[in-house]
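Hello,

Here is the structure I promised to pass on. My notes on it follow below.

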Amino acid sequence: MHNFSASVKKYTDAMSGQTKGVIASILCSLLFALIPAYVQLQPSLAPGNVSGAGSHWLAVQRILWSTVLFVILLVVSKRLHLLRLALSHWKKWPRYALSALLVAPQYWLFVWAPANGETLSLALGYFTMPIIMVLVGRFVYRETLSFFQKWACYFAVAGTLYACVLADGISWVVLVVALGYPVYFMHRKTIPLATDVGLTVDHLFIFPFALLAMFFLYPTDYFFSLPAGDYAYYIGFGLLAVTPTLLYLYAYSKLTVSMFGLLGYVEPTLIFLVGLLIGDTISSQEIPTYLFIICALLALVLDGIKRFR
């Protein structure tokens, strides 16, 4: 019995980090998949100062309220001193600024694209990004893939290539998502900050630009004259954005880059299902893409079962 308990403890200790990473990644995907549905509930807006101000406005509100919530989180968890320590190293500010510059377009695109007819391009970007992550893990960090992980890659590549053909080319939205996130994650590996602290730093560097954008999109007094329900909606949007973002980077810190990349297919698949629930439709031409992705996910499930055994 003692030997058995020792073996179980040894196995649990060895797998706990990866297991936690997988759980965090799946929870993150579930929460991110709710965002498109939540966006549908956005309060009506008055005409703005610029064309299409509404879609930019929601992205700005996400940044503003997420920043506030991240700071509150550090205060409540008594980790604010870690943020002060990180910001006290002013020589690292250029690296912090680069991190914010790399992730800011992703926050904006996730809200802007669905409101401007770029949903397919956004989805294609998220389908392509995991493949780029796997390639980064394989060739930059010299990670190896198991049998089932390789098959997951084959299915994912097939689905992504088919989606590229279906989209009749690759738009700038696809490139920003597919290439921007891997570069951001690689850069984050060079900044030794805890997930919550690092994300707070990112948001603090983006915050002034989001604030300026808010007053550029609408008159100065518009924000302060909103109904109480609108503020509640935007705070809820911030909560919905902050939680999966924390889980996202936590999973990245616990998993290999390749495994993290492959699990990235859970999110667009769930977003696709949510889209069907809120009334979106899928053409017969798009079905093969999702069948390939489902096969990739099944291969990952088989890989997980094999590792568990």
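Start with Arg 79. Arg 79 is partly exposed, at 26% relative accessible area. Here, buried means under 20% relative accessible area, exposed means over 50%, and partly exposed is in between (1.4 Å probe, protein chains only).

Some ground rules. This is a predicted model: local features need pLDDT of at least 70, side-chain atom pairs count only at pLDDT 80 or more, and totals for chains, interfaces and linings use all residues. Residues are numbered from 1 along each chain as its sequence is written, and side-chain values use heavy atoms, with hydrogens and water left out.

Confidence

pLDDT is the predictor's confidence in each residue, from 0 to 100. The chain has a mean pLDDT of 82, with 89% of its residues at 70 or more. Helices here are DSSP runs (H or I, at least four residues), and strands are too (E, at least two), numbered from the N terminus. Helix H1 (residues 2-39) has the lowest mean pLDDT among the elements, 68. Helix H3 (residues 80-88) has the highest, 95.

Salt bridges

A salt bridge needs a side-chain nitrogen of Lys or Arg within 4 Å of a carboxyl oxygen of Asp or Glu. The count is two. How far apart are the closest N and O atoms of Asp 196 and Arg 79? They are 2.8 Å apart. This pair links distant parts of the chain, 117 residues apart. Asp 196 sits in helix H8 (residues 195-217), and Arg 79 in the loop between helix H2 (53-76) and H3. Asp 196 counts as buried because its relative accessibility is 12%.

The other pair is Arg 188 with Asp 202, at 3.4 Å between the closest N and O atoms. Arg 188 is in helix H7 (residues 172-188) and Asp 202 in helix H8, so the bridge ties together parts 14 residues apart in sequence. Both ends are buried: Arg 188 at 10%, Asp 202 at 2%.

Core

A nonpolar core is a set of buried Ala, Val, Leu, Ile, Met, Phe, Trp, Tyr and Cys residues joined through side-chain atoms within 4.5 Å. The largest one has 84 residues. Trp 57, Tyr 181, Tyr 184, Phe 185, Tyr 248 and Phe 260 touch the most other members. Take Tyr 248. Beyond its neighbours within four places in sequence, Tyr 248 is in contact (heavy atoms within 4.5 Å) with Cys 28, Phe 32, Met 129, Tyr 181, Phe 185 and Phe 260.

Rings

Rings of Phe, Tyr and Trp (its six-membered ring) pair if their centres lie within 6.5 Å; planes under 30 degrees apart are stacked, over 60 edge-to-face, the rest tilted. There are 29 aromatic pairs. Tyr 126 and Tyr 181 have ring centres 6.3 Å apart and planes at 50 degrees, so they are tilted. Tyr 126 lies in helix H5 (residues 119-139) and Tyr 181 in helix H7, so the pair joins parts 55 residues apart in sequence. Both tyrosines are buried.

Trp 151 and Phe 155 are also a tilted pair, with centres 5.8 Å apart and planes at 40 degrees. Both lie in helix H6 (residues 147-166), four residues apart, about one turn of the helix. Trp 151 is partly exposed at 39%, and Phe 155 at 25%.

Lys 189 lies over two ring faces. Its distance from the ring centre is 5.5 Å for Tyr 141 and 5.1 Å for Tyr 252. The rule: NZ of Lys or CZ of Arg within 6 Å of the ring centre and within 35 degrees of the ring normal.

Best wishes
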